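Colleague: I am new to this structure. Can you walk me through how to read it?

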Amino acid sequence: MWGVFMAKQVKSRQRVTDHGEVFTATREVNAMLDLVKQETERVDSRFLEPACGDGNFMAEILRRKLEAAKKRAIPPRKRKPLPLEFEKQSVIAVASIYGVDLLIDNVIACRNRLYDIWYEEYENICNNEINEDCKAAVRFILDRNIVCGNALTMKCVDENGIEIDEPIVFSEWTFIMGSIMQRKDYRFDKLLAGNYMPNALNKKKKRADEYTQMNLLSIVDENLCDEGEFVTSYVADYRRVQEHG
Ligand SMILES: C[S@@+](CC[C@H](N)C(=O)[O-])C[C@H]1O[C@@H](n2cnc3c(N)ncnc32)[C@H](O)[C@@H]1O
């Protein structure tokens, strides 16, 4: 029994001791996400997981959001999503999910896992209209949104696991007109200085707390960014956001 548990939820006893690394099983992930079901099924609702591991929660959130993206991309009286509209909606879905983890292998695994989930749906819906720039844009967004850092000190951590004197910065991605996307960067520590627990989760707080225990899953409030310290802003076509490295 321990062997089965080990294989799925624990990589090594040392990592459990050093970092509290025990992954959440799919059943618990879904039970917890169902507490805020409506939000998980909204393409643009923002989620942040400050101890994301390899993305068990984020993967499920993305799957739900992509389902919503498909529905949103279906024109009236039609049955199939429009590929270009799905592409845009799916970029919004990816761009609204954020994570932090101390360990670089988890961060890389998480980025790749979300990319693969996104790409599978992208290929399904847009099969012969796949756009290479869009693929690069999604990779770039995931690199920015899933950060190797310490969620307690809110500083970045390098690939050797050493904390560096660089604040964690998150990007807010918003379509401002047609295909034009704005990226606004904010310091994580300043964002948290505001009240970022949304009403949706506060209402369910007691039950959510029972489920979360070590996981600090948060939905980022819609107005969050009005309160944080704004660092910088860029505007580009959504397929070219990576040009502002
Ligand atoms: C209990 S695991 C949970 C992983 C994932 N949320 C899940 O439910 O499967 C905790 C994760 O938090 C990470 N972690 C521990 N301390 C952290 C910190 N101060 N900042 C960011 N991540 C941290 C560990 O590396 C580990 O991946």
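Modeller: Start with the ligand. A residue is near a molecule if one of its heavy atoms lies within 4 Å of it. Keep in mind that this is a predicted model.

Colleague: How many residues surround the ligand, and which are the closest?

Modeller: The ligand is surrounded by 22 residues. The closest are Thr24, Glu49, Ala51, Asn56 and Asp101.

Colleague: How do I read a polar contact there?

Modeller: Look for a pair of N or O atoms within 3.5 Å. Take glutamate 49. One of its polar side-chain atoms is 2.7 Å from a nitrogen atom of the ligand. Next comes asparagine 56. An N or O atom in its side chain lies 2.8 Å from an oxygen atom of the ligand.

Colleague: Where is proline 50, and is it buried or exposed?

Modeller: Proline 50 sits in the loop between β1 (46-49) and α5 (56-72). Buried means under 20% relative accessible area. Proline 50 has 11%, so it counts as buried. Now compare sequence and space. Proline 50 and tyrosine 98 are 48 residues apart along the chain. Their C-alpha atoms are separated by 8.2 Å.

Colleague: On to cysteines. How do I read a disulfide?

Modeller: A disulfide is a covalent bond between the sulfur atoms of two cysteines. The test is a pair of cysteine sulfur atoms within 2.5 Å. The count here is zero.

Colleague: Now cavities. How many are there of 30 Å³ or more?

Modeller: A cavity is a space where a 1.4 Å probe fits but cannot get out. The count comes to two of 30 Å³ or more.

Colleague: What lines the second largest cavity?

Modeller: Its lining is Trp173, Met181, Gln182, Arg183, Tyr234, Val235, Ala236, Val241 and His244. By class, six are nonpolar, two polar and one charged. Strands β7 (180-187) and β9 (230-237) each supply at least two of the lining residues.

Colleague: Pick one of the lining residues.

Modeller: Take valine 235, in strand β9. Its relative accessible area is 43%, so valine 235 is partly exposed. Valine 235 and tryptophan 173 are 62 residues apart along the chain, with C-alpha atoms 9.7 Å apart.

Colleague: Last topic: backbone angles. Which value does phi of arginine 77 take?

Modeller: Phi of arginine 77 is near 65°, a positive value in a residue other than glycine. Arginine 77 lies in the loop between α5 and α6 (83-95). Its relative accessibility is 84%, so arginine 77 counts as exposed.

Colleague: And methionine 154: where does it lie, and is it buried or exposed?

Modeller: Methionine 154 is in the loop between β3 (146-150) and β4 (155-157). Phi of methionine 154 is near 65°, again positive in a residue other than glycine. Methionine 154 counts as buried, because its relative accessibility is 17%.

Notes. Residues numbered from 1 in each chain as written. Predicted model: local features only at pLDDT ≥ 70, side-chain atom pairs only at ≥ 80, totals over all residues. Heavy atoms only, no water. 1 Å grid on protein atoms, 1.4 Å probe; cavity = no way out; pocket = protein on both sides within 12 Å on 5 of 7 lines; lining within 4 Å. Points joined across faces, edges and corners; volume = space filled by probe spheres on them. Helix = DSSP H or I, 4+ residues; strand = E, 2+ residues; numbered from the N terminus. Nonpolar A, V, L, I, M, F, W, Y, C, P; charged D, E, K, R; others polar. Polar contact = N/O pair within 3.5 Å; in protein donor to acceptor, adjacent residues only side chain to side chain. Buried < 20%, exposed > 50% of the residue type's maximum accessible area, 1.4 Å probe, protein only.
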